[in-house]
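This report goes through one model section by section. The sequence and the coordinates come next, followed by the comments.

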Amino acid sequence: MPTCLPLVRRRCNACASERFRASGKFRVNAHHKLIDAWLLALCTTCGETAKLTVLERMKVRSIRPELLDRLHGNDPGLTAELLQDPVVRRRNHVALDWTGAWRLDTGGPEHLDREVIDVSVRFTARIPVRPVRLIAEGCGLSRAEVERLITEGKVVSAVRLSGRLSGDFTFMLKR
Ligand SMILES: [Zn+2]
């Protein structure tokens with residue numbers, strides 16, 4: 001689950017930085033019944049402002065009033081929603097950096113003593129992480145041990161456990 005907003009990966013025009021932090025503020029411009037809206041982000045190094053397009057020349061009537069209210073009110077939840085929206089990310093050619101912005105909740109340590117556990121992993125946001133890392137952290141093992149258990153067929157899943165995942169999956173672990 002997220003613990004804070006992820007950083008936005010984008011090259012700064014003013015310095016060499018490639019990370020921006022969402023400011024939590026929006027800018028809305030209305031012109032002849034057309035609306036533009038941007039999410040403002042600040043370079044983590046020099047503070048330069050970048051505008052991420054949220055709405056581009058949209059007819060006022062075609063926009064949900066609720067969304068306009070949230071944009072005008074700098075709704076804090078809206079920033080998180082928009083950053084997680086793949087359409088917004090594609091339109092602005094940005095990716096997210098989730099380093100240090102999420103945590104794993106295992107629901108307690110009881111599972112650590114069991115010989116066989118069936119685990120379902122639920123993502124509350126689509127955060128790309130290595131399942132090997134999640135399994136290691138959640139089961140109190142090193143990543144090398146998890147890799148070995150996978151090779152030995154003692155960690156079994158319907159999904160590929162190498163690489164990264166950002167959606168729910170299940171696995172079974174036999175010690
Ligand atoms: Zn900069």
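Asn74 is found in the loop between helix H1 (65-72) and helix H2; helices (H or I, at least four residues) and strands (E, at least two) are DSSP runs numbered from the N terminus. Although Asn74 is not a glycine, its phi is positive, about 50 degrees. With 25% relative accessibility, Asn74 counts as partly exposed; on this scale buried means under 20% relative accessible area, exposed over 50%, and partly exposed in between (1.4 Å probe, protein chains only).

## Basis of the model

This is a predicted model, in which local features need pLDDT of at least 70 and side-chain atom pairs count only at pLDDT 80 or more, while totals for chains, interfaces and linings use all residues. Residues are numbered from 1 along each chain as its sequence is written, and side-chain values use heavy atoms, with hydrogens and water left out.

## The sheet

An open sheet is formed by 5 strands in the order S4-S3-S2-S1-S5, with antiparallel pairing. Two strands pair if DSSP finds at least two bridges between them. Strand S4 (49-59) and strand S5 (95-97) are at the edges with a single partner strand each, so one side of each has no neighbour in the sheet. On average, neighbouring strands of this sheet are turned by 40 degrees against each other, direction ignored. Axes are lines fitted to C-alpha atoms, for helices over the stretch in contact, and angles run from 0 to 180 degrees between N-to-C directions.

Strand S1 (residues 7-9) pairs with strand S2 (residues 19-31) in the antiparallel sense over 2 bridges, and Arg9 stands opposite Arg19 in S2. Helix H2 (residues 76-83) packs on the sheet and touches S1, S2, strand S3 (34-43), S4 and S5, where contact means heavy atoms within 4.5 Å. The direction of H2 makes about 105 degrees with that of S2.

## The hairpins

S2 and S3 run antiparallel and are joined by 9 bridges; the bridge partner of His31 in S3 is Leu34. The hairpin of S2 and S3 has 2 residues between the strands, and His32 takes a positive phi near 50 degrees there. Lys33 lies in the loop between S2 and S3 and has a phi near 65 degrees, a positive value in a residue other than glycine. Lys33 is exposed, with a relative accessible area of 70%.

S3 and S4 also run antiparallel, with 8 bridges between them. Leu34 stands opposite Lys59 in S4, and the bridge partner of Ile35 in S4 is Met58. Between these strands the hairpin has 5 residues, and Gly47 takes a positive phi near 85 degrees. S3 is mostly covered, as 8 of its 10 residues are buried.

## The zinc site

Which protein atoms are the donors of the zinc ion? They are the SG atoms of Cys12, Cys15, Cys43 and Cys46, lying 2.3 Å from the ion. Donors are N, O and S atoms within 2.8 Å of the metal (3.2 Å for Na, K and Ca); water is not among the atoms, so sites may look incomplete. The spacing of the donor residues in sequence is C-x2-C-x27-C-x2-C.

The 4 donor atoms subtend angles of 104 to 113 degrees around the zinc ion, which makes the arrangement tetrahedral; four donors count as tetrahedral if all angles lie between 85 and 135 degrees. Ideal angles at a metal are 109.5 degrees for four tetrahedral donors. Cys43 counts as buried at 5% relative accessibility, whereas Cys46 counts as partly exposed at 41%.

Asn92 lies in helix H3 (residues 86-92) and counts as buried at 10% relative accessibility. Leaving out residues up to four places away in sequence, Asn92 touches Arg10, Lys51, Leu52 and Thr53. Asn92 and Leu52 are 40 residues apart in sequence and 6.0 Å apart in space, C-alpha to C-alpha. The side chain of Asn92 reaches the backbone nitrogen of Thr53 at 2.6 Å.

Ser166 lies in the loop between strand S7 (155-157) and strand S8 (169-174). At 18% relative accessibility Ser166 counts as buried. The side chains of Ser166 and Arg126 make a polar contact (3.2 Å). A polar contact is a pair of N or O atoms within 3.5 Å; within protein, one must be able to donate a hydrogen and the other to accept it, and residues adjacent in sequence count only if both atoms are side-chain atoms. With residues up to four places away in sequence not counted, Ser166 touches Phe123, Ala125, Arg126, Ile127 and Pro128.

Key
Tetrahedral: all angles 85-135°; square planar, octahedral: opposite > 155°, others 65-115°.
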